[in-house]
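Me: I'd like to learn how to read a model like this one. Can we go through it together?

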Amino acid sequence: MNEIRTLSRRRVLTGAAALGGLGAMRSLGMATVPSVPDRVNIAFIGIGNYGANNLKELAAENIVAICDVDWRTRSQLSGRFTPASETAAAHPEAKRLDDWRVMLEKMDKRIDAVVVCTADHVHAQAALTAMKMGKHVYCEKPLAATVQEARAMAHMAERHPRQATQTGIVGHASEDVRLIVEWVRAGAIGTVEKIDVFQTDWAAGQRYINPYSDTEKMDVDLVVPEEVKWDLFLGPAPVRKYNPMYLPLRWRNWQDFGTGILGDHGPHFLDPVVWALELGYPETIEGDADAGYSEAIARQMFARVSHVNYRFPAKGGRPPVTLKWWGYDTPPVPPGWKKDQPLPTGGGILYGTKGVLVYGPVYSSKPGEQKQIWLLPEELDRSFQRPEKSIERPQSHWTEWIDAARHGRQPSCNWNYGAHITELCLLGNIAIAHHGTKLRFDGEQKKFLNSDTANAMFTRPRRKGWELPV
Ligand SMILES: NC(=O)c1ccc[n+]([C@@H]2O[C@H](COP(=O)([O-])OP(=O)(O)OC[C@H]3O[C@@H](n4cnc5c(N)ncnc54)[C@H](O)[C@@H]3O)[C@@H](O)[C@H]2O)c1
């Protein structure tokens, strides 16, 4: 048995039994057991592109196994992209496999923790399987491709509080996001009633998003390159013909594989406001899409340009909040914004009774480093008394997960939280698919009140043999 799992179990027997559960231990500040000096044995599922980045961030641990389904070399691929073959070549110590199910089964005893960084439609199945096997799991955002999957992940994390679950919303650990939460809570801009959250970087988006006309290429017969394990890429998705228009990267805008622009960028940019204002379920959601987004296209792809209006009910002492998502469209520039500079290409704008808070791509600021937040007008920025820092500052999102695994606890962006943000994005996608109808949502029953077709979109058909482990 490995060191990490031994420690986790020991905690269960000592701390939790003595103090009456994790909540009690946390509130008494006793969640620190002497840290484990040994390195954590990690297996990676999906190591191209962002998976290579995750691996780099966790390179101080033991990389015991790596798994991917596309072993083409850089010369066989085009664009700015780290191929899995290069990541694997840099880690000859790690066992290399194609099928994550085989990897988990064959190497079970050597694996403490798993990182999932595949296309979105595989996240939940791989991550839940690893959890059921007792691993700590870091799963990329969005955690899941369907509402049903997201809820299953939250439920799994609740049942296994000693297995550290992390959601790849990397900015959650950043100084910027933590400052936003502290400042909004301290009333920096007064009462917040309206928010814009946006992703406008269309130049970057074109690397990921296929034109609608690509739906016409779906039936073209092409030879699958030897290095591509197409059936494994499909995983739970229905069988379709191979085409390079899906991978790498471009699976994002296809219904069977991705979660669209909202699923891709929404988790990052919703995070600060969901956290600061404790946004639960909305009471209404209304989406729209660009004129080219026909019913036939919508069966295959997500919209290229879209908006979603969410209305969140009053909670605690705060009034209702309206939040508008702008997917590849630019929100109005707030009063007081610097005339000589455009808005950031992704982020949010909070309108309060005393001022405005703008944030950009809040991915990466280190502890103590403010990079992507602006208070408007300038006078407010000058006069606002910054509150004492009240939220912990981890070194990084990845080290926070490793620390949590060592101590048998949940990090701050665990699946309970990550599944909620994921679900907000997926509900937004359902609203975009129902553009023209204002959907009413019941947060108690967790379903739409006025659309059976919207509720039916909580799940997707799964291929036989790829059922969701719950
Ligand atoms: N946290 C962030 O800031 C951030 C940034 C970029 C991407 N992401 C997330 O990371 C994930 C991957 O995105 P990407 O841009 O790296 O995509 P990508 O297509 O470039 O890379 C995905 C990798 O996973 C592999 N893969 C796909 N299916 C697999 C399977 N069944 N088993 C094993 N490997 C498989 C692919 O071959 C590829 O190497 C997505 O969920 C995305 O949302 C997160």
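Me: Which helices each supply at least two residues of the shell around the ligand?

Reply: Some ground rules. This is a predicted model, where local features need pLDDT of at least 70 and side-chain atom pairs count only at pLDDT 80 or more, while totals for chains, interfaces and linings use all residues. Residues are numbered from 1 along each chain as its sequence is written. Helices are DSSP runs of H or I with at least four residues, strands are E runs of at least two, and both are numbered from the N terminus. A residue is near a molecule if its C-beta atom, placed from the backbone, lies within 6 Å of it. Here the helices are H3 (50-57), H6 (120-132) and H10 (230-234). In total, 28 residues surround the ligand, with Gly46, Gly48, Asn49, Tyr50 and Asp70 the closest.

Me: Which residues are buried in H3?

Reply: Buried means 20 or more other C-beta atoms within 10 Å of a residue's own; exposed means 12 or fewer, and partly exposed is in between. In H3, Gly51, Ala52, Asn54 and Leu55 are buried. They're on the same side of H3 because they cover an arc of only 160° around the axis, taken from the directions from the helix axis to the C-beta atoms.

Me: What covers the buried residues of H3?

Reply: Contact means C-beta atoms, placed from the backbone, within 7 Å. The cover includes strands S1 (41-45), S2 (62-67) and S4 (113-116), plus helix H4 (84-89).

Me: Why is Thr330 partly exposed?

Reply: Because Thr330 has 14 other C-beta atoms within 10 Å. Thr330 sits in the loop between strands S10 (321-327) and S11 (346-352).

Key: Contact = placed C-beta atoms within 7 Å.
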